[in-house]
Amino acid sequence: MKDLIRAEVRKLRTTRSVWGLLAGAVALASIAAWGMVSTGAFGTSVALTTLPGFAEMMAIVPIFVVVLGIRSYTDEARHGAIVPTLLATPRRRRVVAAKAVVLAAAAVVFALAGTVAVAGVSLALLAADGVAVTVSLAALAILVGKAVAICVLWSAIGLGLGLTVPHQVAAIVGAILWMLIGESIVEMLAPGVSRFLPGHASTSVLGILPADMSVVAPAVGAALLGGWAALSLGAGNRALARRDIA
Amino acid sequence: MLTITNQAGSAAPIDATEPIASPAIVARGLTKRFGAVTAVEDLSFEVRPGLVTGFLGPNGAGKSTSMRMVLGLVHPTAGTATVLGLPYASLDRPATAVGAVLEVQSFHPLRTGRNHLRVLAAASGVPDGKVDEALEIVDLEGAADRKAGGYSLGMRQRLALAAALLGDPRVLVLDEPANGLDPQGIRWLREFLRWFASRGNAVFVSSHLLSEMAQMADDVIVIDHGRLVRQGSIAELTGGRSSLRVVSPDHEGLGRALMAAGLEPRSDDDGYLVADATADLVGEISLHAGVALSELTPRETTLEEAFLELTEGAER
């Protein structure tokens with residue numbers, strides 16, 4: 001398994017577009033933080049972890065993480081690289097497991113980079129406005145922990161999705177549309193149901209909104225998101241196990 | 001330019017002292033249906049070590065699907081295949097047992113050739129030093145740090161071969177490896193495969209080009225429409241099938257006489273080809289029929305002819 005993980009790390013590190021995705025996630029999170037700080041009113045003092053930029057960031061960065069997850073398999077399928085991969089490791093579940101582990105690690109990097117970007121941009125702008133920022137280490141640790149958990153679970157959802165829907169463009173476009181507007185449409189059509197969907201579960205984890213028709217309690221949200229990740233990975237595993245690499 | 005001295009001169013990475021399981025590859029009743037299409041039907045064959053075994057058939061005959069079933073990439077509808085006595089998926093570190101070249105493009109185009117091999121070295125559990133060794137064997141060191149997407153067809157084939165050799169395998173499975181290679185490249189490949197097999201290893205190589213196979217293989221497995229047509233040595237395939245070329249100024253008369261004698265003459269330019277008949281017999285027939293002969297030449301059946309005969313037979 002160590003060898004396989006090493007192989008997956010090498011794949012990620014030698015694919016330049018991975019860095020592009022990370023840069024995109026950081027850039028969008030930064031812009032969101034800038035927008036939130038410049039339009040908000042904070043008085044003379046504000047707690048860092050209550051800045052709205054973090055909530056925005058945790059809606060944006062998972063989209064990039066999902067795309068990364070989808071591409072983990074679909075890139076290989078598209079370019080034929082899956083053939084040598086499966087020749088080296090015919091036990092396909094092990095390939096999926098190694099990908100999941102490495103994607104989770106990458107998701108941690110994305111979550112941390114997004115958090116640092118939002119904090120950095122917000123602190124700079126608030127300092128320029130003369131707003132004092134207070135930092136609670138405990139609250140910060142919880143915030144970072146939530147960001148990491150959300151991104152890791154979304155990476156698994158993306159991997160499973162790419163394995164199940166190997167058509168790369170369809171999988172990526174479908175996932176982005178779902179995350180941006182799909183769940184909102186469900187919320188309009190069937191309020192009360194949407195809170196169990198992955199995007200709403202993800203929002204629930206943050207615990208910013210009170211639990212109601214649109215969100216559930218943070219712990220329940222985390223369990224739901226974990227369930228979606230397990231479901232997606234399970235479906236992906238099954239799909240790959242049955243697939244003929246013809 | 002490829003040279004055979006590269007691999008022969010290197011410190012013989014393949015340990016040829018230990019004999020491998022024989023047969024190296026066994027297929028039993030392999031069948032694959034894709035929906036209503038039967039790609040391979042009840043195919044059984046064996047690939048023995050120490051030989052180059054050619055897998056011959058027209059395009060679409062089911063060669064690639066069969067090879068992929070042997071390698072665990074395609075799930076057979078029925079039947080089994082084993083490599084070195086085990087199903088491929090049960091092999092421990094399969095890359096150290098079997099090397100395969102299946103597709104010309106099997107890499108991320110933006111990754112360099114070296115990085116592609118480094119990924120596979122890690123996945124195969126072989127040390128990174130093997131990457132340089134494999135690059136040297138296929139003479140691709142000069143281009144190793146360029147993006148593989150920019151490689152020529154021949155370079156892609158060599159990169160794929162390098163990937164197959166990473167684990168110092170004892171069995172090579174190659175699907176149309178000569179595609180895209182220049183004449184020197186083909187010659188190098190032929191010599192390499194013969195050298196590889198001569199060390200007690202097994203080579204299973206497909207082609208739709210008979211001339212190529214005739215120079216490369218010891219054994220040939222011929223398939224058509226997904227079914228086995230014949231397995232045997234090249235000599236068996238062509239041997240015992242000598243034919244005669246017979247020409248007469250009285251073309252029709254000769255044809256009638258040969259048929260009357262129970263032979264099956266086939267037109268060949270201005271004369272006939274007659275299978276399984278001696279020159280004595282044909283001479284006698286023409287004498288009795290009063291037909292003068294202007295040519296009577298024994299001919300070795302080429303692999304091409306044997307193949308056509310076999311596959312036509314399978315269609316009937």
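Predicted model: local features only at pLDDT ≥ 70, side-chain atom pairs only at ≥ 80, totals over all residues.
Is Leu189(A) buried or exposed? Its relative accessibility is 71%, so Leu189(A) counts as exposed. The cut-off for exposed is over 50%.

## Three-stranded sheet of chain B

Chain B holds an open sheet of 3 strands in the order 2-1-4, with antiparallel pairing. Strand 2 (37–47) and strand 4 (78–83) are the edge strands, each pairing on one side only. From one strand to the next, the twist averages 20°.

Strand 1 (residues 25–34) runs antiparallel to strand 4 of chain B, and 5 bridges join them. Here Thr31(B) stands opposite Ala78(B) of strand 4. Helix 2 (residues 63–70) of chain B packs on this sheet and touches strand 1, strand 2 and strand 4. The helix direction makes about 120° with that of strand 1.

## Four-stranded sheet of chain B

Another open sheet of chain B has 4 strands, ordered 11-12-10-13, with antiparallel pairing. Its edge strands are strand 11 (266–268) and strand 13 (295–299); each pairs on one side only. The twist averages 30° from one strand to the next.

Strand 10 (residues 243–247) and strand 13 of chain B pair in the antiparallel sense over 5 bridges. Arg245(B) stands opposite Thr297(B) in strand 13. Helix 9 (residues 251–260) of chain B packs on the sheet, touching strand 10 and strand 12 (271–275). Its direction makes about 15° with that of strand 12.

Note on methods
Residues numbered from 1 in each chain as written. Chains lettered and ligands numbered in written order. Heavy atoms only, no water. Pairing = 2+ DSSP bridges. Helix = DSSP H or I, 4+ residues; strand = E, 2+ residues; numbered from the N terminus. Axes fitted to C-alpha atoms, helices over the stretch in contact; angles between N-to-C directions. Contact = heavy atoms within 4.5 Å. Buried < 20%, exposed > 50% of the residue type's maximum accessible area, 1.4 Å probe, protein only.
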